[in-house]
Amino acid sequence: MIKIYGEPPSRASRVIWLAKEAKLEFEIVPVNILEGEHLEQSYKSLNPLAQVPTIIDGDVSLGESFAINLYLAERYGGDLWGMDLFERAAIYQWTLFAGATLEPAVAPIVINRIILPPPAADLEVAAKAEFEVLRSLSRVNSVLDGQPYLLGDRFTLADLNVASVAVNAVAGKVNISDSGPNVEPWIERCLERPDCDLTVEPPTNTSPEMLKKLAEIRQRR
């Protein structure tokens, strides 16, 4: 039984999504960040950086959500993982893109449009970050031209990891259609998967189809 320390809404969401996709037996151990439970010594003994999530899989203790997902997909993920060296390399590429390029651009939007109330929120910072988000998603758009998923016809960890970040841009009221016509339908395909229950707040400047999908996800939680 795999233990996943952390709970939505947090980066634990993408690990829980993968665990469900891979049909793993797992237990969610809640770690309430708002209550400071991640700072307690009992948790820091598992994750000295006091970050969420952490997993325990037998003798394996691992932090960093993207590293966790790479580990779980390679060990248990079946079709989620790459079938050959080239697919695996592409999954690593998109995972690093999600963590090192897209998420740093999305983070200021989440902080200043979702988390911080006015007047603490800096909307100018969010607006500048939106340009970087759209620039990054334009790369996703170009790859999706003529294919439903990042590696082709099959949903893989590449899609899961990138979509788990991109959906936060939607929640942050980024008009992702400005990055190209392929991104929003791709996110919808990812969100439609039965094992996806990402927590997002519906924005006001995206399509009715996306709003409906986000509302359905909220109702499932």
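Modeller: Leu 80 is buried, with a relative accessible area of 5%, where buried means under 20%, exposed over 50% and partly exposed in between, with a 1.4 Å probe and protein chains only. The model is a predicted one, in which local features need pLDDT of at least 70 and side-chain atom pairs count only at pLDDT 80 or more, whereas totals for chains, interfaces and linings use all residues. Residues are numbered from 1 along each chain as its sequence is written, and side-chain values use heavy atoms, with hydrogens and water left out.

Leu 80 sits in the loop that joins α3 to α4 (helices are DSSP runs of H or I of at least four residues, strands of E of at least two, numbered from the N terminus). Once its neighbours within four places in sequence are set aside, Leu 80 is in contact with Leu 18, Glu 21, Ala 22, Ile 91, Phe 155, Thr 156 and Leu 157, contact being heavy atoms within 4.5 Å. Leu 160 lies 80 residues from Leu 80 along the chain, yet the C-alpha atoms of the two are separated by 8.9 Å.

Some of these names return where two helices meet: Arg 14, Trp 17, Leu 18 and Glu 21 in α1 face a set in α6 made up of Leu 157, Leu 160, Asn 161, Ala 163, Ser 164 and Val 165. The axes of α1 and α6 come within 10 Å and cross at roughly 150°, which makes α1 roughly antiparallel to α6, a term for angles over 145 degrees.

Val 133, for its part, touches Leu 102, Ala 105, Val 106, Ile 109, Ala 169 and Val 174, with residues up to four places away in sequence not counted.

Helices α4 (residues 85-115) and α5 (residues 123-143) have axes that come within 8 Å and cross at roughly 150°, and α4 and α5 are therefore roughly antiparallel to each other.

Methods
Axes fitted to C-alpha atoms, helices over the stretch in contact; angles between N-to-C directions. Parallel < 35°, antiparallel > 145°, perpendicular 65-115°, else oblique.
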